[in-house]
Amino acid sequence: MRTGNLTTWLLRGTYPRLYLPIVVIILLVSGVRYHYLLQAETEEVHRHAATEFRRMSEYLQPRLAAEPVPDSTAIAGLLREGITHLGPGVQALKWESADHPATEVSTPSPIALAPGWFARWLDIARPLQQSGQRLANGTQGRLTIALHAQPLVDRVWSTVIIQARISALNIFTVLFLLTLLLRANARMLRRLAQATDAFRQGYLGTRMEVTGTLESRAMADTFNDMAGKVQSLVLSLHETQRQQSEQLHFTRQLIDALPLPVFVRNADGTYLDTNRAWQRLFQAPVDPAGTHTGLATTATTVPEALSPEHSAQVANAQDNVIRIHPAHQPPLDMAYYEAPFTSTSGALAGTIGTLVDVTERKRAQEALHAEKERAEVTLASIGDGVITTDLAGRIDTLNEAAQLMTGFTAQQAVGRQLDDVFRLYEEPASRSTSTATERDSQPGALQQATQEVLIHRSGERYAIEYTASPIRKHDSLAVGCVLVFRDVTEARNLRHQISWHARHDPLTGLYNRAALAERLTHALFMARNKGRLLAVCMLDLDHFQAVNDAFGNRVGDRLLKETARRLGAFITPGDAVARMGGDEFVLLLGEQPDIPAIEARLAVLMQQLAAPYAIDSREVNTTVSIGVAVFPHDDTNPDTLLRHADQAMCQAKRFGRNQLHVFDVQQDHAVQTQHTRQTRVAQALHAGELVLHYQPKVNLRTGNIIGLEALLRWQHPQDGLLGPQHVLPLIEDTDLVVELGEWVLLQALTQMRQWADAGMSWEISVNIAAPHFHRPNFVQRLKDILHTCPEVSPTRLELEILESAALEDMQYMRQMMQSCQALGVRFALDDFGTGFSSLSYLKRLPAETIKIDQSFVRGILEDGDDLTLVQAIVALAAAFHRHVVAEGVETAEHCAKLLELGCERAQGYGIARPMPAHEVLGWAREHSARHAVRTAQDTARRPAAA
């Protein structure tokens with residue numbers, strides 16, 4: 001029985017189950033503790049025995065050694081005295097020396113306090129020690145001390161007994177407290193189980209007694225609080241159920257009391273209930289007790305239009321009126337309304353529907369609607385806005401046009417004051433408040449105004465014209481006012497736009513040519529009257545076409561707008577700025593004291609316009625060239641002033657762009673002459689007056705023709721054949737130089753194809769002007785030109801560039817040359833030696849050929865410096881593995897000297913003059929024949945000389 005109770009107690013919870021492990025742990029810890037305690041005590045008794053040995057030796061040895069004539073009786077007495085002095089722990093004392101026999105004294109074993117098993121288990125051996133002592137006669141004596149082991153065991157046993165009592169007391173205390181804790185926990189659980197069972201059985205007033213330990217009290221408080229809340233909830237639930245029952249009964253009576261027919265059906269369409277008005281309408285049986293039974297017949301009393309499949313459409317329709325045909329009654333027009341109802345969880349539970357008799361109202365509405373429709377058709381047919389008000393100024397009606405112009409719908413406007421909807425922008429200078437007061441206080445008075453501004457509800461403004469007239473009864477008594485107005489904004493804006501576009505540039509908003517002419521005429525009049533200077537400035541953006549080509553027209557337009565904005569910020573009230581078209585602007589600077597002041601202002605403007613332009617995500621840099629014509633220094637008409645400013649601007653561009661140039665009347669004739677000559681060159685190019693002549697390049701040693709250089713000539717109709725000096729300087733800074741350069745390339749390639757057909761695979765050298773070569777699309781255009789003559793290898797085309805042009809931008813020139821060489825074209829540096837030639841220069845420019853300028857070659861026979869220079873150039877070319885060609889060879893002596901210097905290639909009048917293409921083949925045959933004769937003569941002469 002006890003075993004069963006213990007098992008039940010141990011299995012009751014977690015804490016009781018821990019009881020036995022705690023006991024086992026206590027025993028294990030105690031065993032470990034006593035193990036180490038016995039070790040420590042054993043070591044302690046051994047240290048005690050050593051201390052006794054040392055004390056006995058120090059006491060007896062001096063006495064025994066001091067005996068002058070040792071005898072057995074005296075020694076035995078000293079030993080017994082020592083035993084008496086040292087205590088009962090000594091078992092035996094023994095003294096022996098060389099001249100005296102051993103003397104030993106012993107004591108009986110003391111009574112054992114410790115049990116025998118403990119002594120055997122402890123196993124302490126009998127302590128024994130021997131020590132020597134030199135005697136007075138010089139012999140050696142030895143003392144042997146033996147101690148009893150039993151006192152040492154008893155000493156350890158005494159310590160163990162004391163610690164065992166203390167441990168037993170601690171273990172008992174721990175187990176006792178643990179038992180008390182477990183019993184208290186068991187009582188707490190038992191009380192909780194009893195209270196829970198009672199609460200479960202329906203005794204909601206059950207509460208736990210708040211007694212016992214702190215834990216028991218806390219648990220009792222928690223249980224009691226929970227039980228109180230549950231009891232409150234249950235009571236509240238009972239009260240809610242009672243109230244719901246009463247509410248349901250009240251709702252039933254309320255629905256029955258409604259004069260409107262009402263029905264209820266659930267979510268699946270099953271009819272649940274109807275009120276008494278419904279039953280009376282459709283003559284359904286009425287239960288006097290109000291139980292409302294017989295719902296199965298309800299569905300048969302509901303019209304088909306109100307079936308679950310159609311009722312929602314009827315209720316949501318704009319005209320939710322249906323016609324009902326009650327028995328023994330005329331048809332009724334009834335408006336149908338329905339609303340869903342939900343369960344407590346929010347789910348759709350069903351629908352409540354009701355009918356409202358609108359038969360009389362519908363008849364009145366139909367009559368009113370017909371009258372209103374006639375009025376609305378009349379107002380809607382009017383394109384003007386119409387608003388009617390009562391005597392107090394409140395709006396009665398407004399048509400669709402009025403709604404659009406005011407921004408208020410009819411629903412929003414009706415009933416509001418007229419000034420709240422029909423708001424006019426009234427300026428104090430042109431409209432007084434008395435007029436508005438009179439209009440409001442006398443709505444019958446006729447008022448008319450033109451070009452008023454109506455403020456739309458959104459804030460927009462419309463220009464309108466309006467009239468106001470009274471609305472009168474038959475007795476002429478005013479009952480309101482009618483306001484008729486029309487929108488004239490488009491007409492006014494159109495007039496403004498026509499006026500603005502007639503005087504402004506549409507892109508930049510600046511003055512156009514027509515407006516500039518007016519401003520310039522006025523500015524000339526003011527300058528003449530005030531005696532001040534007027535500067536007419538023509539501005540042109542530098543490289544604007546390059547910006548368009550690189551970034552597109554949209555960025556170009558943005559650049560023009562930004563430039564116009566900076567110009568607008570720069571001018572003063574006495575100035576004016578206009579756009580002439582493209583990237584040209586005209587700036588009028590009035591009331592200027594002198595020309596230096598004009599130049600100072602324009603220098604500031606040029607600096608402002610040269611600042612970078614931030615357009616989209618890129619930064620665009622450009623400059624401006626300005627030409628200035630100053631009145632009255634240039635006392636001409638407005639058109640001539642503009643033309644002179646334009647000429648000055650062109651001169652500024654020729655000076656290198658980003659320049660300011662003031663028109664000089666004396667130079668005007670020269671400029672006109674220059675323009676005329678440029679125009680004449682363009683005409684010559686297009687008329688076929690320009691031709692190419694070819695000058696051969698030969699190998700002086702072998703006589704072979706290595707190629708020809710294409711040279712420009714002008715076959716002038718009146719002046720005859722002219723050289724390139726009459727053409728190139730005139731078009732150097734114009735786009736014509738590019739057109740001419742491409743024409744030369746096409747002519748040279750065509751001629752090479754003809755010579756190739758004749759069996760002559762000569763190379764042709766073409767001079768390329770620096771402006772042409774620096775065009776961004778030069779490589780692509782060269783590629784296109786090469787494709788026009790695919791039979792000609794690009795390696796036979798050599799482009800000659802001036803050394804001075806190559807020095808302007810070494811890196812760019814190197815990149816362009818490499819791009820052209822990738823197509824197969826080769827390069828030659830023309831007029832080498834006239835620039836700043838250097839080793840670095842030759843290293844960085846990848847030209848295959850160097851042409852020595854003719855000014856050095858002609859002087860090699862007389863001028864030592866020229867000879868040294870040519871020799872150095874030949875050496876440089878050889879060092880850098882470049883071909884070298886000497887220009888300007890005029891005599892056979894020049895040829896011989898050049899061969900002596902190591903230069904084998906040459907061209908000049910001494911070899912052949914430039915000739916038309918049709919003469920080249922004949923000259924080539926003659927040259928080959930002459931060289932063959934000369935070679936034969938030289939061969940015949942060599943043996944004779946030998």
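Colleague: How many salt bridges does the structure hold?

Modeller: The structure holds 37 salt bridges. The term means a side-chain nitrogen of Lys or Arg within 4 Å of a carboxyl oxygen of Asp or Glu. This is a predicted model, where local features need pLDDT of at least 70, side-chain atom pairs count only at pLDDT 80 or more, and totals for chains, interfaces and linings use all residues. Residues are numbered from 1 along each chain as its sequence is written, and side-chain values use heavy atoms, with hydrogens and water left out.

Colleague: What makes R323 and D333 a salt bridge?

Modeller: The closest N and O atoms of R323 and D333 are 2.9 Å apart, and the cut-off is 4 Å, so the pair counts. R323 sits in strand β7 (residues 321-324) and D333 in strand β8 (residues 332-342), ten residues apart. Strands (E, at least two residues) and helices (H or I, at least four) are DSSP runs, numbered from the N terminus.

Colleague: Why is D333 called buried?

Modeller: Buried means under 20% relative accessible area, exposed means over 50%, and partly exposed is in between (1.4 Å probe, protein chains only). D333 has a relative accessible area of 8%, so D333 is buried. R323, at 52%, is exposed.

Colleague: What does the salt bridge between R781 and E742 tie together?

Modeller: Their closest N and O atoms are 3.0 Å apart. R781 lies in helix α26 (residues 778-787) and E742 in helix α24 (residues 736-757), so the pair ties together parts that are 39 residues apart in sequence. R781 has 30% relative accessibility and therefore counts as partly exposed, whereas E742, at 16%, counts as buried.

Colleague: Where do E890 and R858 lie?

Modeller: E890 is in the loop between β30 and α32, and R858 is in the loop between α30 and α31, 32 residues apart. The two form a salt bridge, with the closest N and O atoms 3.1 Å apart. E890 has a relative accessible area of 39%, so E890 is partly exposed; R858, at 39%, also counts as partly exposed. Elsewhere, salt bridges that share partners join K697, E763, E798 and R826 into one network.

Colleague: Which residues of helix α32 are buried?

Modeller: In α32 (residues 892-901), they are H894, C895, L898 and L901.

Colleague: How do you know that the buried residues of α32 line one face of the helix?

Modeller: Seen down the axis of α32, they fall within an arc of 125 degrees, so they line one face. The arc is taken from the directions from the helix axis to the C-beta atoms. An α-helix has 3.6 residues a turn, so residues three or four places apart point the same way. The face turned away from the buried side carries the exposed residues A892 and E900. The buried residues pack against α30 (854-857), α31 (864-879), β30 (883-886) and β31 (905-906). Just after α32, G902 takes a positive phi of about 100 degrees.

Colleague: Why is S131 called buried?

Modeller: The relative accessible area of S131 is 15%, so S131 is buried. S131 lies in strand β3 (residues 128-134). Leaving out residues up to four places away in sequence, S131 touches S57, Q61, G141, R142 and L143, where contact means heavy atoms within 4.5 Å.

Colleague: What share of the chain counts as buried?

Modeller: Of the 946 residues of the chain, 40% count as buried. The chain has 33 helices and 32 strands.
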